[in-house]
Amino acid sequence: MNARALLISLYSAPKTHLSISARTAFPPKSRPELQCPCGRAHLSSIYGRNVFIWRIKGGRVRAEVKSERLDVSESPPESVQFQQVLAAEDDGDEEASTVPWWELFPRRWVIVLLCFSAFLLCNMDRVNMSIAILPMASEYNWSPTTVGLIQSSFFWGYLLTQIAGGIWADTVGGKFVLGFGVVWWSVATMLTPIAAKLGLPFLLVVRAFMGVGEGVAMPAMNNILSKWVPVSERSRSLALVYSGMYLGSVTGLAFSPMLIHKFGWPSVFFSFGSLGTVWFALWLSKAQSSPLEDPLLLPAEKKLILANCTSKERVKSIPWRSILSKPPVWALIVSHFCHNWGTFILLTWMPTYYHQVLKFNLTESGLFSVLPWLTMAFSANLGGWIADTLVSKGYSVTMVRKIMQTIGFLGPAFFLTQLSHVDSPAMAVLCMACSQGTDAFSQSGLYSNHLDIAPRYAGVLLGLSNTAGVLAGVLGTAATGYILQHGSWDDVFKVSVGLYLVGTVVWNLFSTGEKIID
């Protein structure tokens with residue numbers, strides 16, 4: 001505490017309260033109890049080397065002076081220096097400045113970074129199959145239809161736990177649910193090679209089990225961030241978390257080919273799956289479902305969060321009728337379906353496209369698949385910054401969400417239509433990168449909208465809309481395998497473009513950025 005803080009505390013009391021001179025002397029070892037006329041304990045003593053001072057107890061000044069007490073038999077000399085009285089408190093300020101920076105790092109951003117790393121692992125464990133499926137298909141003589149079935153089996157379990165994960169997170173707390181999800185899918189990832197050797201039915205079950213674990217991740221994350229992140233930081237925090245998914249795809253696609261070439265395709269699943277245990281240990285020690293449950297949260301940050309977050313308490317019951325009767329909720333569901341159809345096709349089939357159409361080898365397919373995901377990681381955070389900036393400048397949340405999601409729909413639609421006109425692999429990769437880059441603006445559009453329209457039920461609402469999104473992944477991934485047996489990649493892209501256009505119309509007609517469910 002500095003001199004300014006003490007002076008404020010000394011002179012901030014109302015004039016009708018008791019005033020005491022800093023030079024008043026008292027008998028040795030005496031601690032007189034002074035009572036203010038108002039009847040409240042406004043006064044406390046501060047002992048210095050030559051004198052002790054009475055101060056008003058005001059504000060949030062908590063520092064205590066621990067210096068030697070001097071027996072006083074007469075009034076202290078007039079030469080008492082005020083700075084000597086504050087010397088011990090200045091030492092306290094110096095001590096505070098030596099606290100490690102990581103202990104002063106905002107706790108809400110610790111939560112955001114842990115969610116980011118969970119989503120990094122989420123997509124690492126998901127996309128490794130899109131690379132490993134190539135040598136696996138060769139080893140086990142799988143047809144394109146079988147490959148599509150294996151790729152889509154992940155979404156069977158993923159679909160089942162979307163709404164259940166949202167209800168679970170909103171009622172129990174996001175910390176437990178997200179931790180469970182990471183452990184579950186990590187174990188399933190490590191069991192994948194064993195299941196493949198046992199036979200196709202076992203592999204399909206294990207992939208579905210992996211989907212069960214990853215299915216609760218997004219609803220749990222949405223629940224946690226609805227309680228931890230102020231409205232003014234919403235787009236940026238969500239963009240950062242979702243960029244973890246994109247960087248997870250980058251990491252998985254970059255390292256999978258190298259691991260396969262050096263150690264064989266099973267090594268991908270064993271190595272990636274084992275990383276979940278490291279994350280889980282950090283999660284248990286650092287995370288809490290709510291700022292109200294965090295004993296390490298500084299009072300100033302707690303005040304900031306609780307004053308600017310619209311979701312503070314756990315949910316006891318879900319108002320399903322109210323939720324399902326709102327047009328913006330259905331706009332969110334339909335738009336999520338349209339968006340995920342194209343996104344999941346690119347996620348699971350892009351390496352195959354590079355291998356079959358552009359004639360890249362396994363390593364090149366993995367490495368060139370990295371570029372679109374890097375572009376998405378950059379664009380998601382850029383979009384989050386733009387969205388929060390527009391909101392802070394007075395643009396309505398509704399307008400901002402519509403602008404960002406329109407870019408997220410029409411951008412991919414345009415660049416996918418160009419793929420049939422390019423005549424070089426480099427231009428095809430560029431179109432893919434631009435398609436995915438503009439797609440990432442959706443993180444500041446529909447993916448932020450759950451927290452806008454129903455912050456208390458953000459987990460349930462994301463589970464509801466993402467169920468439609470996962471259904472698109474199941475149908476789109478399986479349908480792509482069928483289309484490729486009877487048609488071409490142009491037909492695959494035409495379906496995606498059509499759904500992007502439908503999503504654009506529905507979103508702009510019916511979505512809103514205002515809270516519609518309390």
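Trainee: Which residues form a nonpolar patch on the surface?

Mentor: First, a word on the model: it is predicted, so local features need pLDDT of at least 70 and side-chain atom pairs count only at pLDDT 80 or more, while totals for chains, interfaces and linings use all residues. Residues are numbered from 1 along each chain as its sequence is written, and side-chain values use heavy atoms, with hydrogens and water left out. Patches consist of residues with over 30% relative accessible area and no salt bridge, where like charges are joined within 9 Å and nonpolar side chains (Val, Leu, Ile, Met, Phe, Trp, Tyr) within 5 Å. A salt bridge is a side-chain nitrogen of Lys or Arg within 4 Å of a carboxyl oxygen of Asp or Glu. Here the nonpolar patch is formed by Val 183, Val 187, Leu 191, Ile 194, Leu 198, Phe 202 and Phe 270, with about 620 Å² of accessible area together (Shrake-Rupley method, 1.4 Å probe; for residues, only the protein chains shown count as cover).

Trainee: Which helix gives the largest share of the nonpolar patch?

Mentor: Helices are DSSP runs of H or I with at least four residues, strands are runs of E with at least two, and both are numbered from the N terminus. Helix α7 (residues 174-198) supplies the largest share, five residues. Ile 194 lies in α7 and is partly exposed, at 45% relative accessible area. Buried means under 20%, exposed over 50%, and partly exposed in between (1.4 Å probe, protein chains only).

Trainee: Why is helix α19 largely enclosed by the rest of the structure?

Mentor: Helix α19 (residues 446-453) is largely enclosed because eight of its eight residues are buried. Among them are Tyr 447, His 450 and Asp 452. Across the protein chain, buried residues make up 54% of the 518 residues.

Trainee: Which residues have the most contacts inside the largest nonpolar core?

Mentor: In soluble globular proteins, nonpolar side chains tend to be buried together. A nonpolar core is a set of buried Ala, Val, Leu, Ile, Met, Phe, Trp, Tyr and Cys residues joined through side-chain atoms within 4.5 Å. The largest one has 119 residues, and those with the most contacts inside it are Phe 119, Met 136, Leu 178, Tyr 242, Tyr 353 and Phe 493. Helix α4 (residues 107-140) gives the most to this core, with 18 residues.

Trainee: Where is Asn 141?

Mentor: Most residues other than glycine have a negative phi. Asn 141 has a positive value, near 60 degrees. Asn 141 sits in the loop between α4 and α5 (144-160) and is exposed, with a relative accessible area of 68%.
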